[in-house]
Every structure is written in structure tokens, then in C-alpha cells.
Amino acid sequence: MDAGAGAGSGNASGGGASACCYYAMLGIRKNASAIDIRTAYRRLAMKWHPDRWASDPGAAGEAKRRFQRIQEAYSVLSDKGKKAMYDAGLFDPLDDDDQDFSDFMQEMLVMMDNVKNEPDTLEDLQKMLEDIVKGDEGSRGGVGGRAPPDGARRARVSPYPQQQSRR
């Protein structure tokens with residue numbers, strides 16, 4: 001594990017403890033496995049645990065601060081949803097509403113893992129999105145693959161009857 005390997009590769013937004021890169025804080029690379037993240041956390045948590053520094057009041061405050069930052073980094077990097085948000089630059093540790101978004105990101109990651117024909121490049125992803133937006137009329141026969149059996153377009157019907165406006 002390289003102490004500076006992750007510098008500059010994470011979220012630099014926010015203030016206080018989150019201003020430093022979580023990967024650098026734990027001394028790991030951005031592509032570290034869950035086991036590497038847990039191992040680095042345990043090693044640093046043991047080193048900076050405030051109880052170990054209780055006999056030195058001068059260092060106890062610094063140890064407590066570092067321990068809290070290490071815990072914050074681990075809580076983000078060990079959670080798939082939070083880690084994905086952090087890597088994308090969207091994680092704000094001061095925002096309590098991130099849990100819903102984190103749950104959404106977790107579901108998206110699970111769904112993406114289950115997809116067999118995943119795009120390899122950004123261009124593949126763009127083409128896939130264009131096909132979805134256009135409906136890929138040629139290969140699937142309309143938006144979402146549902147074309148009318150006679151091939152004719154259907155008119156949209158308003159869910160509410162239109163009232164004639166009086167002027």
C-alpha cells in the first residue's frame with residue numbers, strides 16, 4: 001500500500017475532514033479491494049485510537065481527530081454506494097440526505113453488475129443511450145420494443161378532457 005497513491009483521486013469538495021482524499025488518508029490506491037480497505041483501516045485505527053494516546057494529553061487531541069477522519073474515510077470507502085458517489089465527486093459527508101441517493105446508487109451498481117452486455121467504452125454507452133432515446137425503431141420496432149401490430153402510429157390521448165376556454 002502506497003501512502004500517497006490516492007492523492008487527488010477522490011472528492012475534494014466539502015470542508016474539514018473531507019477536504020483530504022480518503023484513499024490517501026488510508027494509504028491505499030483508488031482501485032484497492034474491500035479487503036485492502038479494511039486492512040488499512042484496522043491498521044490505522046489501532047495506531048490512532050484515542051485510548052492508546054490517553055497517557056499523552058498533548059497528542060490525545062490529535063489522535064482523536066485522526067481516528068475520526070480514518071473512521072469517516074472507512075465508512076465511505078467500505079460502502080459501495082457511498083464509494084461510487086465519492087469516486088464520482090458527488091459525496092458530501094455533511095449532507096444527511098445522501099442515504100437515499102446512496103441506496104439508489106447501490107441498486108444501480110447491482111443492476112449494472114447483473115447486465116451481461118455492458119458497454120466497454122463511453123462511445124458504446126452513448127450509442128446505447130441514443131438507441132434508447134430514439135427507440136431503435138429499426139431493430140425493436142418502436143420505443144421499448146412495443147410497436148402497434150399494424151405498424152401505424154397511435155395518437156396520444158390526454159388523460160383529462162380538455163375544456164374549452166372562454167374569453
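Start by selecting Arg 65 and Glu 62: they form a salt bridge (a side-chain nitrogen of Lys or Arg within 4 Å of a carboxyl oxygen of Asp or Glu), with the closest N and O atoms 2.7 Å apart. This is a predicted model, where local features need pLDDT of at least 70 and side-chain atom pairs count only at pLDDT 80 or more, while totals for chains, interfaces and linings use all residues. Residues are numbered from 1 along each chain as its sequence is written, and side-chain values use heavy atoms, leaving out hydrogens and water.

Both residues lie in helix α3 (residues 57-77), three residues apart; helices are DSSP runs (H or I, at least four residues), numbered from the N terminus. Arg 66 counts as partly exposed because its relative accessible area is 34% (buried is under 20%, exposed over 50%, partly exposed in between, with a 1.4 Å probe and protein chains only).

Next, move to helix α6 and pick Lys 127 and Asp 131, which sit four residues apart, about one turn of the helix. Their side chains meet in a salt bridge of 3.3 Å, N to O.

Just after α6, look at Gly 135, which takes a positive phi of about 90 degrees.

Finally, show helix α4 (residues 80-87), where Gly 81, Lys 83, Ala 84, Met 85 and Tyr 86 are buried. After α4 comes Gly 89, with a positive phi near 80 degrees.

Key. Helix = DSSP H or I, 4+ residues; strand = E, 2+ residues; numbered from the N terminus.
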